[in-house]
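Okay, everyone, thanks for coming. Let me put the structure up, and then I'll walk you through it piece by piece.

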Amino acid sequence: MFYREAGDFKLSYQSDSQTFPIRIDRAGYYLALIVAFAVVPFIINDYWANAILLPFLIYAIAAIGLNILTGYCGQVSLGTGGFMAVGAYACYKLMTSFPEVSMFIHVILAGGITAAVGVLFGLPSLRIKGFYLAVATLAAQFFLVWLFNRVPWFYNYSASGQINAPERDTFGILITGPNATAWATYLFCLIFLVGCAVVARNLTRGKLGRSWMAIRDMDIAAEIIGVNPLTAKLSAFAVSSFFVGISGALFFSVYLGAVEVGEAFGIQKSFLVLFMVIIGGLGSIFGSFAGAAFLVLLPVVLKLVGVDLMGWPTDIVAHFQLVIVGLLIIVFLVLEPHGIAQLWRVTKQKLRLWPFPH
Amino acid sequence: MLDATEGYTTADGRKIGGVVMEMKNITLRFGGVVAIKDISFDIREGEIRAIIGPNGAGKSSMLNVISGFYIPQEGEVWFRGEKRPPVKPYEVARQGIARTFQNIALFEGMTVLDNVMTGRLTQMKAPIWAQAFWKGQAEREEVENREIAEKVIDFLEIQHIRKTPVSRLPYGLKKRVELARALAAEPKLLLLDEPMAGMNVEEKEDMSRFILDVNDEFGTTIALIEHDMGVVMDLSDRVVVMDYGKKIGDGTPDEVRNNQEVIDAYLGVAHD
């Protein structure tokens with residue numbers, strides 16, 4: 001009744017192809033932006049930032065990245081953790097080599113370096129597809145983690161083999177290190193997330209996105225219509241790795257502060273991001289947000305309900321979490337392969353007609 | 001009979017121009033199997049050229065040679081006065097050859113509009129940073145190409161399903177969307193692989209009408225494979241007949257219809 005598009009006429013092709021064609025969606029989007037930028041920074045505290053908001057923002061960037069590769073271009077990747085590690089170590093080397101430069105530039109450069117590495121590991125995709133490509137990216141995952149463990153240059157010959165984020169700022173505001181404030185780190189990550197989401201949306205609704213989806217849906221027909229599979233696939237790997245690299249850089253420098261590569265960027269991380277994309281919805285930017293929010297919130301909510309409310313032991317609740325995630329993956333794959341995003345779409349469709357469905 | 005540069009006039013008075021595509025002594029082998037044996041024919045500007053023949057005659061292989069899927073072992077492909085080197089299918093598309101498939105090859109996960117817009121991909125040149133921010137050249141190109149896509153959508157009468165995902169469409173409409181995608185590329189040569197396979201009479205009539213209209217309105221040169229003889233004889237200006245990888249007839253529908261070899265191939269002949 002209130003959510004409808006009647007009377008919302010499109011008079012130009014620009015307005016017809018915009019991201020939120022329905023007025024009320026657009027209003028909701030701006031409202032969310034205002035709340036995220038102008039309200040949350042004033043009420044944020046350390047617990048909220050570290051337990052929920054920072055991981056959500058950072059994982060959402062990673063999920064958008066993987067979604068471009070897997071959801072839009074159809075190339076399955078299990079190397080997300082490895083590419084996040086590339087972003088993290090690139091950021092670390094940049095931070096320690098050029099201390100005066102703004103963190104902003106470091107993070108973006110780290111993304112660029114990851115994009116180059118992603119293209120390199122994307123080369124096998126020109127020959128192999130599906131499961132075999134997944135195994136090839138799995139090799140990338142293990143190789144990259146091994147590399148960062150074994151070559152001391154990457155961790156500046158530190159005795160522990162860990163990398164620690166030194167204190168760095170942007171525009172005079174401290175972003176990394178133990179003394180960074182919650183609101184600054186939150187805003188820093190939020191800016192990157194919004195930027196990544198806007199760029200991802202623009203790319204996927206335009207020329208590049210169409211060539212990715214064409215490759216995903218039917219590569220032979222894509223080639224016959226003039227899509228060069230080489231540039232389409234490699235550009236998907238580049239853009240995807242760029243986002244994943246940014247998220248890895250933020251994950252290390254802003255969120256964790258100290259990283260041991262096998263622990264922070266192991267194969268579990270690849271699966272976690274893949275689960276986010278599957279549960280959230282393949283081929284949907286909104287789905288990346290939904291999946292990241294879901295998997296970040298799930299352990300927090302479970303702990304709240306299980307440990308604090310019901311008084312169960314912590315380890316049982318932790319195991320429950322694994323069971324629930326596994327179950328959800330199966331349920332989603334069987335019942336709704338397009339994830340939360342599709343559920344949301346169906347709800348909107350129903351709302352549009354409500355209360356007169358005929 | 002026909003000169004390379006001069007055209008001819010069809011029975012219904014349309015002027016046919018010079019040679020657009022010429023196949024010279026094409027031979028295509030798969031291991032020991034000879035799919036196409038020493039075939040030559042040409043396609044002229046503005047004409048509707050049919051390739052017919054019994055099952056397994058090598059018609060689809062021929063279309064695949066034209067669209068660059070198969071590289072023939074022998075022979076030359078000449079397109080618009082130039083000999084074509086062995087090229088990849090996407091390069092063929094960029095030269096202005098579009099095609100449809102026998103069993104529909106649409107992008108099922110995309111809407112009809114997006115499918116048609118993929119036909120414009122070769123014309124969109126905006127750099128990635130312009131696309132990333134949806135500014136300048138990217139936005140301009142999107143609108144310009146959308147206008148062309150909308151013209152095609154309008155022409156093929158599929159406006160009502162513009163925003164529908166292709167996977168939800170019935171077979172007949174999918175065929176039409178596939179034609180729209182090929183047309184959106186504004187091809188110089190349009191290849192149709194059995195555009196009427198699996199359709200009922202009404203859908204066939206619609207499709208025939210669209211093919212004739214496309215040829216008429218845009219002057220598009222069309223080469224098509226079709227099994228329905230009635231349709232082929234009505235639509236096409238000239239017909240190539242293939243059997244077992246060899247060319248057994250070439251000419252106007254009337255000439256072909258009276259060709260003894262063609263009759264034998266289709267009706268069968270006693271071997272003694």
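**Where the two chains meet**

So, the contact between the chains: chain A puts in 25 residues, and chain B puts in 32 residues. Keep in mind throughout that this is a predicted model. On the chain A side, four helices each supply at least two of the touching residues: helix 1 (13–16), helix 7 (182–205), helix 8 (207–217) and helix 9 (219–224).

**Inside chain A**

Let's stay with chain A for a minute and talk about packing. In general, nonpolar side chains tend to be buried together in soluble globular proteins. Here, the largest nonpolar core has 173 residues, and A:Ile61 and A:Ala88 are the ones with the most contacts inside it. What does A:Ile61 touch, not counting residues up to four places away in sequence? Well, the list is A:Phe192, A:Leu193, A:Cys196, A:Phe243, A:Ile246 and A:Ser247.

A:Ile108 and A:Phe192 are 84 residues apart in sequence, yet their C-alpha atoms are 9.2 Å apart in space. A:Ile108 belongs to helix 5 (residues 103–122) of chain A. Is A:Ile108 buried or partly exposed? It counts as partly exposed, because it has 17 C-beta neighbours inside 10 Å, and buried would take 20 or more.

**The six-stranded sheet in chain B**

Over to chain B. There's an open sheet here of 6 strands, order 8-9-10-5-11-12, with mixed pairing. Strand 8 and strand 12 (246–251) are the edges, each pairing on one side only. Neighbouring strands are turned against each other by 15 degrees on average, if you ignore direction.

I'd like to zoom in on strand 9 of chain B, residues 189–193. Of its 5 residues, 5 are buried, so the rest of the structure largely encloses it. That goes for both faces: B:Leu189, B:Leu191 and B:Asp193 are buried on one side, and B:Leu190 and B:Leu192 on the other.

Who are its partners? Strand 8 (residues 97–99) of chain B pairs with strand 9 in the parallel sense, over 3 bridges, and B:Arg99 stands opposite B:Leu191. Strand 10 (residues 221–225) of chain B is also parallel to strand 9, over 5 bridges. There, B:Asp193 has B:Ile225 as its bridge partner. To get from strand 9 to strand 10, the chain goes through helix 7 (residues 201–218) of chain B, and that β-α-β crossover is right-handed.

Now the other end of the sheet. Strand 11 (residues 238–243) and strand 12 of chain B run antiparallel, joined by 5 bridges, and B:Val239 has B:Gly251 as its bridge partner in strand 12. Helix 10 (residues 260–267) of chain B packs on the sheet and touches both strand 11 and strand 12, with its direction at about 125 degrees to that of strand 12.

**The four-stranded sheet in chain B**

Chain B also has an open sheet of 4 strands, in the order 4-3-6-7, and here the pairing is antiparallel. The edges are strand 4 (33–44) and strand 7 (82–83), each pairing on one side only. Strand 3 (residues 19–30) pairs with strand 4 over 8 bridges, with B:Ile26 opposite B:Ile39. Helix 1 (residues 59–66) of chain B packs on this one, touching strand 3 and strand 4, and its direction makes about 120 degrees with that of strand 3.

Last thing before I let you go. Most residues other than glycine have a negative phi. Chain B gives us a couple of positive ones to look at. What is phi for B:Trp134? It's near 55 degrees. B:Trp134 is in the loop between helix 4 (128–133) and helix 5 (137–155) of chain B, and it is buried, with 21 other C-beta atoms within 10 Å.

The other is B:Glu194, with a positive phi of about 45 degrees, and that's not a glycine either. B:Glu194 lies in the loop between strand 9 and helix 7 of chain B. It counts as buried because it has 20 C-beta neighbours inside 10 Å.

Okay, that's my tour. Over to you.

Key:
Residues are numbered from 1 along each chain as its sequence is written. Chains are lettered from A and ligands numbered from 1 in the order in which they are written. This is a predicted model: local features need pLDDT of at least 70, side-chain atom pairs count only at pLDDT 80 or more; totals for chains, interfaces and linings use all residues. Two residues are in contact if their C-beta atoms, placed from the backbone, lie within 7 Å. A residue is buried if 20 or more other C-beta atoms lie within 10 Å of its own, exposed if 12 or fewer, and partly exposed in between; C-beta atoms are placed from the backbone. Two strands pair if DSSP finds at least two bridges between them. A crossover is right-handed if, with the strands pointing away from the viewer, the path from the first strand over the helix to the second runs clockwise. Axes are lines fitted to C-alpha atoms, for helices over the stretch in contact, and angles run from 0 to 180 degrees between N-to-C directions. A nonpolar core is a set of buried Ala, Val, Leu, Ile, Met, Phe, Trp, Tyr and Cys residues joined through C-beta atoms within 7 Å.
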